[in-house]
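Here's a quick tour for anyone meeting this protein model for the first time. Have a look at the sequence and the 3D view, then read on.

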Amino acid sequence: MTESDGHNDKVNLLGLPRQKMEQFFVDIGEKKFRAGQVMKWIHQYGVDDFEAMTNVSKPLRARLAELAEIRGPEVLLDEVSQDGTRKWVMRMAEGNSIEAVLIPDGERGTLCVSSQVGCSLDCSFCSTGKRGFNRNLSSAEIIGQLWAALRTFMPFDRTKERPVTNVVMMGMGEPLLNFDNVVDAMDLMMDDWAYGISKRRVTVSTSGVVPALEKLGEVTDVSLAISLHAANDELRNELVPLNRKYPIDQLLRATRNYLSGLSDRRRATIEYTLMEGVNDQPEHARELADLLVDVPCKINLIPFNPFPESDYRRPSGNAVKRFQDILNQAGYITTVRTTRGDDIDAACGQLVGQFEDRTRRSQRYIPVHQEVS
């Protein structure tokens with residue numbers, strides 16, 4: 001129910017969604033309504049000092065200071081790209097660093113949030129995966145990225161125009177391999193006592209952890225993105241090794257089931273990274289169009305962002321346009337993701353953070369997926 005980092009016995013209230021926050025107050029002999037008071041101070045006004053909570057009695061503030069804390073990540077770097085993209089490097093417990101990125105677009109501001117320190121999936125075109133995997137982030141460390149980012153836009157007040165209108169779980173890591181903590185954090189993002197972001201504007205992205213995706217619909221109704229990148233198993237096995245365990249037909253079946261369980265007619269976003277000579281040819285586009293014919297979706301094409309350890313190349317603008325045209329003509333809403341933040345290594349696939357790979361991939365790969373089987 002409660003969250004601590006092992007360095008002390010205090011409960012970090014930052015990561016507790018409403019139900020767990022209410023239980024915390026019940027456990028210490030207080031009324032449930034205290035949860036709403038404290039959550040609003042933490043998430044709507046960015047407060048990390050119990051003494052600042054003026055509608056909470058002095059004795060309770062003193063007791064909270066003894067039992068609990070509000071501890072977010074430490075911002076090590078706050079960097080702004082020439083195109084307005086903003087990247088934060090944040091230090092978590094145990095000294096690990098992760099990255100979060102804000103992409104402004106008119107009145108919309110989309111924050112890309114990390115769920116793990118590194119990633120175990122080793123997708124061949126992703127810089128993050130090449131750095132290995134360290135650990136899952138706690139719910140406090142996940143929601144703390146939104147909390148810390150907003151605190152840099154002081155005064156912090158969600159009743160005013162906010163720089164973050166959308167959140168995508170597309171940063172470092174595979175969100176569905178950190179299922180419970182990611183769900184708790186997304187609950188906070190959507191809670192009116194916290195950030196009040198619409199379920200249509202909170203998106204979880206997965207490379208295809210099918211058992212967790214099947215479970216997801218039982219606990220939340222956030223928007224869904226599928227990191228697909230290939231339309232046949234042979235090619236996807238090379239690009240996304242997880243596909244060998246959960247092939248495309250299983251992934252798309254779970255996707256359709258999730259979407260059918262939503263109360264509205266939302267579509268999944270199909271993410272497809274285009275790599276020159278690998279998956280960017282007209283036959284690949286036609287194959288993708290045929291594959292997705294019974295999946296309610298829109299398609300987001302992502303021209304590959306090069307990094308030093310990769311031999312892949314970004315396709316030409318003409319190749320991207322040709323691919324998009326084929327999908328549009330097949331009736332799909334197809335957008336091309338503009339590369340943003342490339343000058344500060346904040347583009348898609350470039351988030352790496354600073355961490356150590358503490359486990360050999362061959363030792364961790366199978367067990368980590370058995371957790372959700």
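## Ground rules

A word on burial before we start: a residue is called buried when its relative accessible area is under 20%, exposed when the value is over 50%, and partly exposed in between, using a 1.4 Å probe and protein chains only. The areas themselves come from the Shrake-Rupley method with a 1.4 Å probe, and for residues only the protein chains shown count as cover.

This is a predicted model, where local features need pLDDT of at least 70 and side-chain atom pairs count only at pLDDT 80 or more, while totals for chains, interfaces and linings use all residues. Residues are numbered from 1 along each chain as its sequence is written, and side-chain values use heavy atoms, with hydrogens and water left out.

## Two residues with positive phi

Let's begin with His229, whose phi is near 75°, a positive value in a residue other than glycine. You'll find His229 in the loop between strand E11 (223–227) and helix H8 (233–239). Helices (H or I, at least four residues) and strands (E, at least two) are DSSP runs, numbered from the N terminus. Is His229 buried or exposed? With a relative accessible area of 2%, His229 is buried.

Asp122 also has a positive phi without being glycine, this time near 55°. Asp122 sits in the loop between strand E7 (116–118) and helix H4 (127–130). At a relative accessible area of 22%, Asp122 is partly exposed.

## Cysteines without bonds

How many disulfides does the structure hold? The count is zero, where a disulfide is a pair of cysteine sulfur atoms within 2.5 Å. Take Cys119: the closest cysteine sulfur to its own is in Cys123, 6.4 Å away, so that is too far for a bond. For Cys123, the closest cysteine sulfur is in Cys126, also at 6.4 Å and again too far for a bond.

Cys119 counts as buried, at 12% relative accessibility. Cys123 is buried too, at 10%.

## Salt bridges

Side chains of opposite charge can pair when their charged atoms come close. A salt bridge here is a side-chain nitrogen of Lys or Arg within 4 Å of a carboxyl oxygen of Asp or Glu. Searching the whole structure turns up 18 salt bridges. One of them joins the side chains of Lys20 and Asp184, at 2.6 Å from N to O. Because Lys20 lies in helix H1 (residues 18–27) and Asp184 in helix H6 (residues 179–190), this pair ties together parts that are 164 residues apart in sequence. Lys20 is partly exposed at 29% relative accessibility, whereas Asp184 is buried at 10%.

Another salt bridge links Asp48 and Arg151, with the closest N and O atoms 3.4 Å apart. Asp48 is in the loop between helix H2 (33–45) and helix H3 (58–67), and Arg151 is in helix H5 (residues 139–151), so here the pair ties together parts 103 residues apart in sequence. Asp48 is partly exposed at 38% relative accessibility, and Arg151 is partly exposed at 28%. Then there's Arg34, whose side chain meets that of Glu30 at 3.9 Å, N to O. Arg34 is buried at 15%, while Glu30 is partly exposed at 24%. Finally, Arg200, Asp264 and Arg266 are linked in a network of salt bridges.

## A positive patch

Which residues form a positive surface patch? They are Arg108, Arg201, Arg267 and Lys298. Patches are made of residues with over 30% relative accessible area and no salt bridge, with like charges joined within 9 Å and nonpolar side chains (Val, Leu, Ile, Met, Phe, Trp, Tyr) within 5 Å. Lys and Arg count as positive and Asp and Glu as negative, while His and the chain ends are not counted. The place of a charge is taken as NZ of Lys, CZ of Arg, CG of Asp or CD of Glu.

Arg267 is partly exposed, at 41% relative accessible area.

## Pairs across the chain

Gln37 lies in helix H2 and counts as buried at 16% relative accessibility.

Arg86 lies in strand E4 (residues 86–91), and Arg86 is buried at 16% relative accessibility. Arg86 and Leu111 are 25 residues apart in sequence, and their C-alpha atoms are 9.2 Å apart in space.
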